[in-house]
Amino acid sequence: MPPVVYIEDIARHDGEEVTLRGWLHNRRSSGKIHFLTVRDGTGFIQVVMSKADLGDERFAAADHLSQETSLTVTGRVRADARAKGGFEITGTGFTVVSASHDYPITPKEHGVDYLMDRRHLWIRSQRQQAVLRVRHTVIDAVREFFNSRGFTLADTPIFTPSACEGTSTLFPVQYFDDTTAYLTQSGQLYNEANAMALGKVYCFGPTFRAEKSKTRRHLTEFWMVEPEVAYADLDDTMDLAEQLVESVVARVLETRGAELTHLERKTDGLEAVRTPFPRISYDEAIGRLKGAGLPVEWGGDFGGTDETVLSSQFDRPVLVHRYPAAVKAFYMKPDPARPDLALCVDMLAPEGYGEIIGGGQRLDDYDLLLQRITDHDLPQEAFEWYLDLRRYGSVPHAGFGMGIERVVAWICGLEHVRETIPYPRLLHRLYP
Ligand code: 4AD
Ligand code: MG
């Protein structure tokens, strides 16, 4: 048997006999030739099998190969400018590894629910593979960004005893006999403790939100990367956020051009994602929204439409800072210049993709934090450890969280976050 190669390495084997191990993605046949599209997880390639090369019996057998049959194929690699990827294989033989009967996803159009019910198979499609590879690169670029800047990855727990972003959106879990634990909504509070130990840290894991949101931006389980930095303020965290996004987008453009092309993603918008990003205050944002004729009042949080209208006024992500403290979480530090505002920031992605980052400077004063915990009706006992961070050498500190799926949806130009994660969890979806 000729040496086994991966399709992604095929260019290095021009003219050679090779063996591919994969699955039959698609087949077309004319009387004397079969055109097989074979995929192996690293790529797709056309294998041309003629009656002359294969012999009558094998040629007839190939006519029964059905979609997603696993198989090995041998043949000679041939450069061909017309072929996708620049190469095709002149097939000389094949062996079926395992048959596939009546594969439910055919090249015709299927509805989204139909595909979502078969998500475990749908991810084999070229489009879904492209999205998942971009996701991989986004995650890889995020890790590389923090690792190369001296951050320490310090993961935070998924089972937690209490809330961070508000109790109404927690998933309770029975924790042995008589305790209720909650799935984490954010690693931030533990991250703050880690930053007091390690200076610059990040956590990166799944987070859970039980909000009953049915929008194209909400998952109930999503992945968030959260950096936290000791001795940092709001401006520092805005700098860090824009540098992160610039570097993630640049890496995808550099290494995932083929995937973006397959997704028909126009990249001019992405090429413009260079620092510095515009920064506007909440006050200014309200003015702009009123100017655009939206019925907003000072004091409220922004809805999806507000975010879309705002972000469409800029050619790159925009940082909106200093929201009214009343609409933000208890841990936000008030602006000393205007205590009704929080030193927080949201980053809105262009093209209507909405908020991709939320964060800010944390309340580092013991008395005020205790006051906020009481004001928010949070149980003080549960936050004693968090208050300890203000009892023992408190320092200004800041950080943020970036949702991976929203970033992938934006970079890939997808309508909905459900395609950005292998197995999306949504209000009405827990299968497969
Ligand atoms: O703005 P959020 O809720 O901020 C926090 O959780 C802070 N504690 C983070 C921090 O400062 N360390 O969430 C941060 C980001 C959002 O900007 C968004 O990208 C994403 O997480 N996100 C969601 N993504 C998908 N589905 C959801 N339901 C999301 N909720 C938030
Ligand atoms: Mg937010």
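Does Asp-102 count as buried, partly exposed or exposed, and what is its relative accessibility? Asp-102 counts as exposed, at 74% relative accessibility. Here buried means under 20% relative accessible area, exposed over 50%, and partly exposed in between (1.4 Å probe, protein chains only). Asp-102 sits in the loop between strand 5 (87–98) and helix 3 (112–117). Helices (H or I, at least four residues) and strands (E, at least two) are DSSP runs, numbered from the N terminus. The phi of Asp-102 is near 50°, a positive value in a residue other than glycine.

This is a predicted model, in which local features need pLDDT of at least 70 and side-chain atom pairs count only at pLDDT 80 or more, while totals for chains, interfaces and linings use all residues. Residues are numbered from 1 along each chain as its sequence is written, chains are lettered from A and ligands numbered from 1 in the order in which they are written, and side-chain values use heavy atoms, with hydrogens and water left out.

Next come the domains. The assignment gives domain 1 (7–98) and domain 2 (119–420); such bounds come from an automatic or database domain assignment. Their C-alpha centres lie 45 Å apart. Six residues of domain 1 are in contact with five residues of domain 2, where contact means heavy atoms within 4.5 Å. The two domains bury about 510 Å² between them, 42% of it on carbon and sulfur atoms. In domain 1, Arg-39, Gly-41 and Phe-44 lose the most area to domain 2, together 61% of what that side buries. Buried area is the accessible area (1.4 Å probe) that two parts lose on being put together, summed over both. Across this interface the rule finds one salt bridge. A salt bridge is a side-chain nitrogen of Lys or Arg within 4 Å of a carboxyl oxygen of Asp or Glu.

Now follow helix 7 (residues 234–255). Its 22 residues reach 32 Å from first C-alpha to last, close to the 32 Å expected at 1.5 Å a residue. The expected span is 1.5 Å times one less than the number of residues. Asp-233 caps the N-terminal end, with a side-chain oxygen 3.2 Å from the backbone nitrogen of Asp-235. The buried residues of helix 7 include Leu-234, Leu-244 and Val-252. Thr-255 also belongs to helix 7. Thr-255 is partly exposed, at 41% relative accessibility. Its side chain reaches the backbone oxygen of Arg-251 at 2.8 Å.

Strand 16 (residues 344–349) holds Asp-346. Is Asp-346 buried or exposed? Asp-346 is buried, with a relative accessible area of 4%. Its side chain makes a polar contact with the side chain of Tyr-323 (3.3 Å). A polar contact is a pair of N or O atoms within 3.5 Å; within protein, one must be able to donate a hydrogen and the other to accept it, and residues adjacent in sequence count only if both atoms are side-chain atoms.

Some backbone details remain. Most residues other than glycine have a negative phi, and most peptide bonds are trans. Glu-264 has a positive phi, near 55°. Glu-264 is exposed, with a relative accessible area of 71%. The peptide bond from Thr-275 to Pro-276 is cis, with omega near 0°. Pro-276 lies in the loop between helix 9 (268–271) and strand 12 (279–281). The bond from Tyr-431 to Pro-432 is cis too, with omega near 0°.
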